[in-house]
Amino acid sequence: MNLNRRKVLVRLIGQQFERRCPLSSESKDGPSSGSIKPFDDIPGPRGPLGLGNIFQYLPGIGRYSFDALHRSGEDKFKRYGAIVRETMVPGQDIVWLYDPADIATVLDDRTPGVYPSRRSHTALEKYRKDRPNVYRTAGLLPTNGLEWWKIRSELQKGLSAPQNVRNFLPPTDRITKDFVSRLKHLGNAEPAGSFLIEDLMPAISRLNLELICLLAFDVRLDSFSAEQMEPNSLATRLMESAEVTNSAILPTDQGFQLWRYFETPAYRRLRKAQQFMEKTAVELVSQKLLYFDEDQQRLASGEHGSKSLMEEYLRNPNLELNDIIGMAADLLLAGVHTTSYTTAFALYHLALAGPKVQGRLYEEAKAMLPDLRDGRIGAAALGSEASYCRAVLKETFRLNPISIGVGRILNRDQVLSGYRVPRGTVIVTQNMISCRQSTYFRDPEQFLPDRWMRETKEHVSPHLVLPFGHGMRSCIARRLAEQSILVLLLRIIRSYEIEWSGSVPMDVMTKLINQPDQPIRIRFKPRQA
């Protein structure tokens, strides 16, 4: 480390110490009972001499890893209990919550005039704020406060209404049907028409990239063409750039954040990945803007089936072009791997669950698609006749959520598990760990979709299974993502019986979003058409 960087590090450590201030044990908003314990009494790791626990996450040194936050979360739960205060570096604490009552207290906060905030994607925020010629704000992911709500309230109009999402169902079903028909060409042939795909994940990711580009930009990338399968193709680089960015978020969010002072390796990877995604987003939005009037004429004449998201946004007078470019980049970043990983986990659980669960899902899919060759999944059927498929998806989210939990910054003092936690504290819920506790679920390690069916539904706290977040800050594209996953599961199980051929159990890597730790190795056995 050169002299200048050493000086920056020393100054930063000093600033972190200066930010520490005594916490009042009184709160204007909460009770003043003497039974409420102070913030400093919350159990948890502080590091040697209170200097922080970040060293425990260093590769080859610490007991934890940013790639296995579910393991560290489970360890801290066993060591300290349902609330844990972890000092990452001096002045930077995270309070981890496991109790759904505490989770509800934080997520259901309705402090008047204040919007839910979180600390996330801080390096992405810096990247975008350093480029005011491209972005007006840092976008939906890192932005907080009124600035966040102004763009969120406009951008969600094209995605929140169920009817808007249903308009995307026909092209989603059409592309997914074509994808399922291609599966046999991706695997190794076996007797009786069966085939084994060594890793289905790249194909699922390409499918979801194809879907997001069509629905958002009205563009077909032809992701499965020979050209787009090349290592330097647009499709391949977009998927890689999204994965690189997501992998850099957690390491850059925590610790001393030296990337604010000079370019660290993690920030450099994020910057290069974002530059490519930004370039692509600008090109796609520019193309849509260039042909906007022509597209509107086609739409009015009936030649164009439905508006893309970018068309919706370009018609909105309350959105600046910079906002639309930011949303385009966010869709490319968050719209591919989140859906793909969830689909992979669902297929893993279905493959292991065997004939009983698959059989029930097959009967549901067959009722919706009696004619496999020409049948279509309609919006009404997906809404009313896919109850078991929705239960399969929700049980997948219970065992393998998109992320370990939900992040918030407290808007006011709160009492959590009997401790007073001050305003401004960073909170992260540990839903992934809580959802596997027998306190809250019967046979918590078992994949049981029936627990979500109306006739056999268990009583479960609504603050446990939160794959898309909660409240105003929940995922803006939740309905679109769920629709895409449901269509793919129904199409696959209608056509094939599947068997898991990988290792058991399959674990996760917590790269901001949870991804499988091994190839998605599945054997497909054709069903009767």
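Q: Before we start, what does buried mean here?
A: Buried means under 20% relative accessible area, with exposed over 50% and partly exposed in between, using a 1.4 Å probe and protein chains only. This is a predicted model, in which local features need pLDDT of at least 70, side-chain atom pairs count only at pLDDT 80 or more, and totals for chains, interfaces and linings use all residues. Residues are numbered from 1 along each chain as its sequence is written, and side-chain values use heavy atoms, leaving out hydrogens and water.

Q: OK, how much of the protein chain is buried?
A: Of the 529 residues in the protein chain, 55% are buried.

Q: And what is the radius of gyration?
A: Taken over C-alpha atoms, the radius of gyration of the protein chain is 24 Å, which agrees with the value near 24 Å that a compact globule of 529 residues would have; the globule rule is 2.2 Å times the number of residues to the power 0.38.

Q: Switching topic, how many aromatic pairs are there?
A: The search of the whole structure gives 14 aromatic pairs, where rings of Phe, Tyr and Trp (its six-membered ring) pair if their centres lie within 6.5 Å, and planes under 30 degrees apart count as stacked, over 60 as edge-to-face and the rest as tilted. One of them is the stacked pair of F195 and F524, at 5.1 Å centre to centre with 10° between the planes.

Q: Where do F195 and F524 lie?
A: F195 lies in strand β4 (residues 195–197) and F524 in strand β12 (residues 522–526), so the pair ties together parts that are 329 residues apart in sequence; strands are DSSP runs (E, at least two residues) numbered from the N terminus.

Q: Are those two buried or exposed?
A: Both F195 and F524 are buried.

Terms used: Helix = DSSP H or I, 4+ residues; strand = E, 2+ residues; numbered from the N terminus.
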